Amino acid sequence: MKSLFKYLLLIVVTVIASICIYNYVKAFAAVDTENYVLNTQDYVEKQILSNTNYTIDNPNVIVNPYGVSPLSAMVVFQTKDLAVATVTVKGKDGDEDITNTFLPNKVHLLPIYGLYPDYENTVIINSSDEEKTLKIKTEALPTDLKNGTKISSTEGNKLYFTSSTDGRPIGYDCNGNIRWYLNKSYKWEFVRLSNGHILLGNDHLMSEPYHSLGLVEMDLLGKVYFEYNLPGGYHHDVFELRNGNFLVASNNFDNETVEDYIVEVDRSTGSIVKEIKLSKLIPGDKNTEWFGLNSVNYDVKTNSITISGSKQNMIINIDYASEEINWIIGRDVPKKLNKYLLKHDEEFTMPEKPQGLILTDSNKVAFVNTSGDKNYLTEYSIDTVKKTVSENKNILLGDKSEYVNIDYNDGVYIVNQNSKIKEVSDDSVNTIIDTNNNIYSALYNDVYAGDVYITGKGQRLGSIGITKAIKNENILFWKNDEKVFEKYNLSLYKEANRLVVTGTFNKKDDVKLILDNVLDKKTYDVRISETPYFNSTGKSKKKINVSTYVNEDGLTGKFYIYLKINGITYKLNKYVIFY
């Protein structure tokens, strides 16, 4: 009898416990999940490829096929035999036509670039002795985006491709008309790769205010071929090496500093194969942003890299094999580095907050210099044998700009300063376009640059690393209060490879993020700081908007989310799944 009673009691307890657990788990809902660009684009592409049975006389015309490049289109048709196809986008108001001939094919998937906004564009297709004239209508520009203003007369069917730190990449023709743009905030240097693709900073942030999660390789249609995730993110500049790898200005957050770290990223795997820590090369006390790395250049003849640091007023050349300093141009360098200083004449313009440094030859560098409230284009020649530097140019560009960059094209410097694009030839400065948008970089380049459209799902390579956890917090007792979301302006959502928790807290708040999946528990410190990777220094606002990231690396399964604020644990009734 006693055994039966114990058995029945066990059943009752089990049922009650099961009901409690069910009700507990039922209260949780999944956090919102973003539509991952690689999955979305793969779906779109499969829809396009599901039917290519069109003719040149009646092709399938898809405007903005990937949803991010509104002034582009794709034309789809088949030919009986292998044939080349030529596309001509007709210019208007005297603009030159944009023309490209594609490789022979039977199934033709033709990217169309350089369309005018809010206009019925004329596009001519020629293939297999047939010609078809298409009319492709585009939407108007967004209300916050305006065409540029032509300042000086120039000709050509290339575009001035621009980027920014917080806006959209845009392509302007010689008359200031916007002929291409992306509707997402891909940042930093606009780079045209040797395969014709473009390389930009990821539209997701690694840390505030502007460090990107990594790099994105895409075409002008906006199709992403590769995402490169980096543990230290990406900022300012990247250089494509001869072997195809990328030399990237990054960060080493473990050192609690930023913009003093350079990595080489393997193009095929996304892994870091080399790192250069400027903090080890340059002695002295270092605060968070002590160097201000903003330019990275590689020279194959000397196997060296040349960099600029705006906070140290330095230009440094480093042997890439040994990682030792070859030479320095600067003033007030640490005494231990004096032996690397290049000699110069008495009348010599020293680098002051240098930006946009480029190499035009192994022994010639150019950059934007700052003196007072003015910017100058400064050019040096380097003699590595005599260990000297001489000044070739120091040309006034105009009022100081926060972001200034240089490109070099057929003996002419292309300089972007605030919203203006300027050409510097010999000693003359000629403003070409006022873009009416603040820009970070400008590149004068062909619309079609040899890139070949390739089908297939894009790849995410590399890693953003494992988020560092702290000592686990006890969650035996918790508070269920929906008002916590409103009180702290909380938001939780899942990106492709990390959980993002945002909120607004007082500087002195003690906040912990707890993830619990019963078998495993992780606790993370929520830093009340303008940057999520290290604590605030100096004065800070009383209320701080905080973003905390928990990377998917190292985590698998379903985790229930709690937030411990000033000793009180809140059950948020949300869960996240890591794969």
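Predicted model: local features only at pLDDT ≥ 70, side-chain atom pairs only at ≥ 80, totals over all residues.
1. One of the residues involved is Ser425, whose bridge partner in S32 is Ser428.

2. These two strands belong to an open sheet of five strands, which follow one another in the order S8-S32-S31-S30-S29 with antiparallel pairing. Strand S8 (149–150) and strand S29 (404–409) stand at the edges of this sheet, and each has a single partner strand, so one side of each is left without a neighbour in the sheet.

3. A further open sheet is formed by four strands in the order S21-S22-S23-S24, and the pairing here is antiparallel. Its edge strands, which pair on one side only, are strand S21 (293–299) and strand S24 (325–330). On average, and with direction ignored, neighbouring strands of this sheet are turned by 15° against each other.

4. Within that sheet, S21 pairs with strand S22 (residues 304–309) in the antiparallel sense over six bridges, and the bridge partner of Asp299 in S22 is Ser304.

5. The largest pocket holds about 890 Å³ of space. It is lined by 34 residues, of which Phe239, Asn297, Ile358, Leu359 and Asp407 are the closest to its centre. Two or more lining residues come from each of strand S12 (187–192), strand S17 (238–240), S21, strand S25 (355–361), S29 and strand S33 (441–445).

Conventions:
Residues numbered from 1 in each chain as written. Heavy atoms only, no water. Pairing = 2+ DSSP bridges. Axes fitted to C-alpha atoms, helices over the stretch in contact; angles between N-to-C directions. 1 Å grid on protein atoms, 1.4 Å probe; cavity = no way out; pocket = protein on both sides within 12 Å on 5 of 7 lines; lining within 4 Å. Points joined across faces, edges and corners; volume = space filled by probe spheres on them.
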